[in-house]
Amino acid sequence: MTPRPSLGLRARLLSAFALLSVVTAAAVAGAIYVEARNDILQRAQDAAVQATKSRLERLFPLRSAEPGPDELRGIANQMTEGNLRAMAIYRGAYSTGDPAPADPPADPPGLRRQGGNRPVVDPEMLPLSLRREVAGGNVAWQRVVVWQGAPYLLIGAPLLIAEPDGTARMSGIEVYVLHSLQPEQHSIDRLATFAWLTGGAGLAFAVVLAWLATRGVLRPVRELGRAARLLGEGELRTRIAVTGSDELADVARTFNNTAAELERHVEQLRQMEADARRFVADVSHELRTPLAALAAVADVLDEEAAHLPEPAGRAARLVSQETLNLTGLVNDLIEISRFDSGVAALALNEVDVAELVRATLRSRGWSESVETELPAGVTARLDPRRVDVILANLVGNALRHGEPPVSVRLAADPYWGTLEVRDHGPGLDEAVLPRVFDRFYKASAARARSEGSGLGLSIALENARLHRGDLTVSNVPDGGARFTLRLPRDLDGGPE
């Protein structure tokens with residue numbers, strides 16, 4: 001499953017800083033806004049109530065205990081001032097003071113306007129709870145929205161009458177004053193706008209700070225990633241410049257120490273590997289001279305084995321065979337040492353691949369034992385000796401460890417030539433397939449003392465790679481193992 005793409009570290013840090021800034025600014029601005037709004041409204045409310053009480057005190061003494069429409073209008077006019085609009089009610093009759101034109105049809109119920117733009121109180125707009133409080137002799141108030149969504153403070157108070165003995169009694173007159181809170185609402189709106197602007201500026205400032213912080217943090221992280229990539233690519237001398245004494249500097253120092261230790265160990269391993277290769281090469285070359293003498297003696301013993309008594313003849317034939325095996329092993333080790341040291345080279349020639357395969361089979365007496373499918377006209381620039389070594393190993397293994405029929409098939413396209421060597425035996429165990437080209441590896445423990453050294457397939461693979469080709473193995477579904485050699489037809493051109 002394809003991993004879901006994720007945001008980079010810088011984007012995540014910036015998002016975290018921005019989210020923190022937004023949450024903090026919203027919380028602080030919201031708390032300040034609510035507190036300031038409540039304080040502004042409370043102050044306006046207290047001032048309006050106090051102003052209403054002061055105006056009510058100016059109405060003493062009342063000229064009539066039972067006022068008519070004119071007296072109610074006079075009371076309402078005296079309570080109306082500035083942005084205050086008043087109404088006086090007595091036993092169902094009421095007056096709003098100044099006369100008002102007929103209500104426009106678009107106005108909500110319970111609202112009238114003076115001069116087309118000033119609201120006045122109307123009995124229909126009075127909340128029932130407010131009238132009950134006033135009827136009980138209390139001064140009460142309530143915030144309402146009565147015109148174009150504007151807030152108002154509706155204050156209600158009973159009008160008292162002074163008795164001759166100095167006491168006061170309820171007159172039955174109720175006075176209601178409508179106080180506009182639009183100036184306060186404007187102040188609150190400006191406060192909210194200022195809070196939003198402050199929050200936006202805080203967010204921008206936080207993003208800038210986050211960008212600067214992430215830039216300072218991510219620069220050494222990117223440098224560490226670059227150095228790690230170079231180290232993984234084999235640049236063991238890669239180091240990071242250490243600045244400061246913070247945690248990132250500790251990480252850089254740890255990386256440098258680790259890289260230094262890794263370089264030291266790799267150098268030791270390389271030196272040990274070079275010594276081992278040199279030792280194998282030296283030993284192999286030193287063995288060639290005595291092996292040449294032994295081979296000559298073995299040839300003589302092999303010729304005389306038939307004339308010797310049976311135990312001596314069998315021993316002579318065994319010495320001859322083991323000498324040949326030892327010679328082959330030394331030659332394989334010398335070939336492997338050339339690959340390891342990088343001195344193996346190709347001697348390229350334009351060859352007919354089909355004829356090269358036939359020559360390999362013919363020189364080893366396998367022509368009658370191997371089926372071939374070799375189309376004519378397939379040429380390639382190859383090293384004939386090395387391709388011969390590859391084919392000899394593949395066909396020889398198929399004949400020794402597989403079952404007949406063994407076949408060799410050639411296929412080609414304009415750029416590549418492919419040779420398939422197949423047998424019809426049981427095939428290779430699945431656990432063996434990944435290791436079949438390992439050096440000194442033998443598929444069966446029973447073959448530990450066989451004539452093979454376990455280097456043939458490894459040498460074949462190295463020769464294929466030297467040609468910029470490849471050698472693979474697989475099991476065929478209907479039985480047998482199949483080795484596929486793929487080589488470029490022209491090493492000097494065509495695709496790599």
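# Notebook: salt bridges, strands and rings

I began with helix α4 (residues 182–232), where the side chains of E223 and R226 meet in a salt bridge at 2.5 Å, N to O; I count a salt bridge when a side-chain nitrogen of Lys or Arg is within 4 Å of a carboxyl oxygen of Asp or Glu. The model is a predicted one, in which local features need pLDDT of at least 70 and side-chain atom pairs count only at pLDDT 80 or more, while totals for chains, interfaces and linings use all residues. Residues are numbered from 1 along each chain as its sequence is written, and side-chain values use heavy atoms, with hydrogens and water left out.

**Entry 1, the pair in α4.** I asked why E223 and R226 are separated by about one helical turn. I noted that this is because they are three residues apart in helix α4, helices being DSSP runs of H or I with at least four residues and strands runs of E with at least two, numbered from the N terminus. I then looked up the exposure of each partner, taking buried as under 20% relative accessible area, exposed as over 50% and partly exposed as in between, with a 1.4 Å probe and protein chains only. E223 is partly exposed at 26% relative accessibility, and R226 is partly exposed as well, with a relative accessible area of 34%.

I next found R239 and E263 joined by a salt bridge of 2.8 Å, N to O. This pair links distant parts of the chain, with R239 in the loop between α4 and α5 and E263 in helix α5, 24 residues apart. Is each partner buried or exposed, or in between? I recorded R239 as partly exposed, with a relative accessible area of 30%, whereas E263 is buried at 14%.

D388 lies in helix α8 (residues 384–401) and R364 in the loop between α7 (353–363) and β9 (370–373), so the pair ties together parts that are 24 residues apart in sequence. I noted D388 as buried, at 19% relative accessibility, and R364 as partly exposed, at 33%. Shared partners join the salt bridges of R237, R239 and E263 into one network. For the whole structure, my search finds 14 salt bridges.

Staying with helix α5, I placed D282 within its residues 247–304 and found D282 partly exposed, with a relative accessible area of 43%. The C-alpha atoms of D282 and S337 are separated by 9.5 Å, although the two residues are 55 apart along the chain.

I turned to β12 and asked how many of its seven residues are buried. Six of them are, so β12 is largely enclosed by the rest of the structure. On one side of my notes is strand β11 (residues 406–412), which pairs with β12 in the antiparallel sense over six bridges; two strands are taken to pair if DSSP finds at least two bridges between them. The two strands form a hairpin with three residues between them, and A412 stands opposite G417 in β12. β12 also pairs with β14 in the antiparallel sense, over seven bridges, and there the bridge partner of V421 is F483 in β14.

**Entry 6, rings.** For aromatic pairs I used rings of Phe, Tyr and Trp (its six-membered ring) with centres within 6.5 Å, calling planes under 30 degrees apart stacked, over 60 edge-to-face and the rest tilted. By this rule I count one aromatic pair. F437 and F483 form it, edge-to-face, at 6.2 Å centre to centre and with 90 degrees between the planes. F437 sits in the loop between β12 (416–422) and α9 (456–466) and F483 in strand β14 (residues 481–488), 46 residues apart, and both are buried. I also saw that R486 lies over the face of W416, at 4.1 Å from the ring centre, where the rule asks for NZ of Lys or CZ of Arg within 6 Å of the ring centre and within 35 degrees of the ring normal.
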